[in-house]
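This report looks at how side chains meet one another in a folded chain. Please keep the sequence and the structure beside the text while reading.

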Amino acid sequence: MEDKKARIKKIIKITLLVLAIVLSVVACVLLVPYLAKLAKMNKEELNSALAAADAALRKLGPIRYILMMLLQIFQMILAPIPGGPVAVMMGFMFGPVLGTLLTIVSTALGTMLIIWCVERFGMSFVNKFINSKGFEKLRFLHNSSSRDALLFLLFLVPGTPKDLVTFFAPFTGAKPRNIVVLASLARIPSIFLMVYLGDAISDGNLVKSLIILTVAAVIGLIGIMFKDKVMPEYSDRRAVKGRDTFVFDLDGTLLNTLTDLTIATNHALEKNGFERRTEDQVRKAVGNGVGLLIERSIPDGRKNPKFDVTLADFKEYYGEHCRDNTMPYKGIKELLSGLSERGYKLAIVSNKVDFAVKELCADFFPEVPIAIGESEGVRRKPAPDSVLAALKTLGSTPERTVYVGDSDVDIQTAKNAGTSCISVTWGFRSAAFLNANGATALADSPEEILALVDDKNEKNK
C-alpha cells in the first residue's frame, strides 16, 4: 500500500514537472523569435508590433486578469517553478502599477491557500509539491523570539527559497495572518523589479531590460550567499552555547529498542487474542510510555476490557526480555564518554517503566549517574517533571541544559522544561517529521553532537 502511494506521488510530481518544463519550453520558443524580431525593428515598427500584441491581449477581456492570477498561485504551489517569469508577464501585460498590484494580490491569495492546505492536510500535502528535506535549513525559525522578523527577511532577500518558506511557515507557530502580511509586504521590492522588467520589454526598451536583469542577478547572488552561509548552522550552534549539561531520551536516542518492544507487544497481543503489529506500527506508537503503546495497539484502546491484562502481560514479558536484542546505536558510547571527559553533566530520562530504564542504563551506560523512568506520582513526558528532577539531582538548571531526543514528545518536553533541544534523526522519527513538529536543531549522527560541542569550546577559547 505504501509503495503504491509512493508511486502515485512520484507520478504526480513527474507529471507536474514535465508540464512545467513543456510550458517553459513553449514560452521560450514563442518569446525568443519575438524578441529577436523586436531587436531588428525600427521604432515605428516596434510600436506597431507592441500595439498589435496589446490589442490581442485586450481581446481576452477581464479573463486575462483571472488567468494571470491563477498562474501566479499555480506557480507558488509548484515551488520548484521560479516565480520571476510570472511577474515579468504581469508587467508586460498590465504595466508597472496594475501588474504589481495583481501580483501582490495573487501572491497573498496563494500564500493563504498554501497555509490552509498545510494546516488541513499537513505533511501529506507538503510532500506532494516540494522536497521537505529543505525544511532542515529553515528549522532555526522554530521557537525563535525573532521568528517574524526572520520570516520577513527571508521573504525580502532575493535568492532565498520564498515558496519553500511559505510551505514551512505554518509549522513555526506563526499566525497565518502574520505570514500572509509578512510575505506580501516583503515581496513587494522583488515583485516590482520583475514587473518593471516586463513593462520595459513591452515598451521595447531592451537597454532598460538588460539593466534591470543585471541588477536582479546581482541582488539574487547576494541573497544566495546569505542563504547558504547563514541558514544551515544557525540553530545547531545555538543549541549547545552556554550549556554544561546533557539530558538524553533513551528509546530511539541512545538505544535501539524497537525489536524487543515489537516482540513484547506481539507477545501480549497474541496472548490476549489480538492481531499482531508490525515493527513499523510499533515504531509509530512508542514515545509516550508503554500504556499508550498498548492503547494504540488494541481495538478501542483503554476502553477495551482486556487493556489492563494486556498491559500487565507486556510489562512482565518485557521486563524479562528487554535486553535480548537491544543495543546502543553506533557512536553512542563514544558520545557519552566524550561528553563526560569534557566535563559535561549527564542524565537519562524516559517514558519507559522505571525498572527497565535503570536496568538498561546500568548495563549499557554506567558512566551516566542519573536514570529516571516512568513511575507513579511523576508525570510522563512531555511534562517536564522527570527532566527537572534529573537537573535538581545534578545541580544544574534548564538554561544550562541540552535535551537530546528523537521524537515530537521530546521536542515538547524540552520546550516545557525550558532547555534547548537537539533532535536526532537516527531514531524512531524522520527528519521531515521532526522539522514539521518544531525541531530547532538536528543531528544525523552522535559524532555531529560532539562536533558541535567541540566547535563551541573552540570558539570560547
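## Salt bridges

Arg302 and Glu295 form a salt bridge in which the closest N and O atoms are 2.6 Å apart, where a salt bridge is a side-chain nitrogen of Lys or Arg within 4 Å of a carboxyl oxygen of Asp or Glu. The structure is a predicted model, in which local features need pLDDT of at least 70 and side-chain atom pairs count only at pLDDT 80 or more, while totals for chains, interfaces and linings use all residues. Residues are numbered from 1 along each chain as its sequence is written, and side-chain values use heavy atoms, with hydrogens and water left out. Arg302 has a relative accessible area of 44% and is therefore partly exposed, and Glu295 is partly exposed with 26%; here buried means under 20% relative accessible area, exposed means over 50%, and partly exposed is in between (1.4 Å probe, protein chains only).

The structure holds 15 salt bridges. One of them joins the side chains of Asp244 and Arg400, at 3.0 Å from N to O. Asp244 lies in the loop between helix H11 (234–240) and strand S1 (245–248), and Arg400 in the loop between helix H18 (385–394) and strand S6 (401–405), so this pair ties together parts that are 156 residues apart in sequence. Helices (H or I, at least four residues) and strands (E, at least two) are DSSP runs, numbered from the N terminus. Asp244 counts as partly exposed because its relative accessibility is 26%, and Arg400 counts as partly exposed at 27%. Glu374 also forms a salt bridge, with Arg380, where the closest N and O atoms are 3.4 Å apart; Glu374 is partly exposed at 23% relative accessible area, and Arg380 is partly exposed at 33%. Finally, Asp249, Lys381 and Asp410 are linked in a network of salt bridges.

## Aromatic rings

A pair of aromatic rings is described by the distance of the centres and the angle of the planes. Rings of Phe, Tyr and Trp (its six-membered ring) pair if their centres lie within 6.5 Å, and planes under 30 degrees apart count as stacked, over 60 as edge-to-face and the rest as tilted. A search of the whole structure finds nine aromatic pairs. Among them is the tilted pair of Phe125 and Phe129, with 5.2 Å from centre to centre and 55° between the planes. Both residues of this pair, Phe125 and Phe129, lie in helix H5 (residues 123–129), four residues apart, which is about one turn of the helix, and both Phe125 and Phe129 are buried. The pair of Phe192 and Tyr196 is stacked, with 5.7 Å from centre to centre and 15° between the planes. Phe192 and Tyr196 both lie in helix H9 (residues 188–202), four residues apart, about one turn of the helix; Phe192 counts as partly exposed at 40% relative accessibility, and Tyr196 is partly exposed at 29%. Phe125 and Phe129 also form one aromatic cluster with Phe167.

Lys306 lies over the face of Phe274, at 6.0 Å from the ring centre, and the charged end of Arg429 sits over the ring of Phe433, 5.7 Å from its centre.

## Nonpolar cores

In soluble globular proteins, nonpolar side chains tend to be buried together. A nonpolar core is a set of buried Ala, Val, Leu, Ile, Met, Phe, Trp, Tyr and Cys residues joined through side-chain atoms within 4.5 Å. The largest nonpolar core has 55 residues, of which Phe246, Phe248, Phe365 and Ile422 touch the most other members. A second, separate core of 34 residues includes Val118, Phe135, Phe167 and Ala186.

Helix H8 (residues 176–186) has as its buried residues Ile179, Val180, Leu182, Ala183, Ser184 and Ala186. The buried residues of H8 pack against helix H4 (84–121), helix H6 (147–156) and H9, where contact means heavy atoms within 4.5 Å.

Asp313 belongs to helix H15 (residues 307–321), and Asp313 is buried, with a relative accessible area of 8%. Leaving aside neighbours within four places in sequence, Asp313 is in contact with His267, Ala268, Lys271 and Asn272.

Technical notes: Lys NZ or Arg CZ within 6 Å of the ring centre and 35° of its normal.
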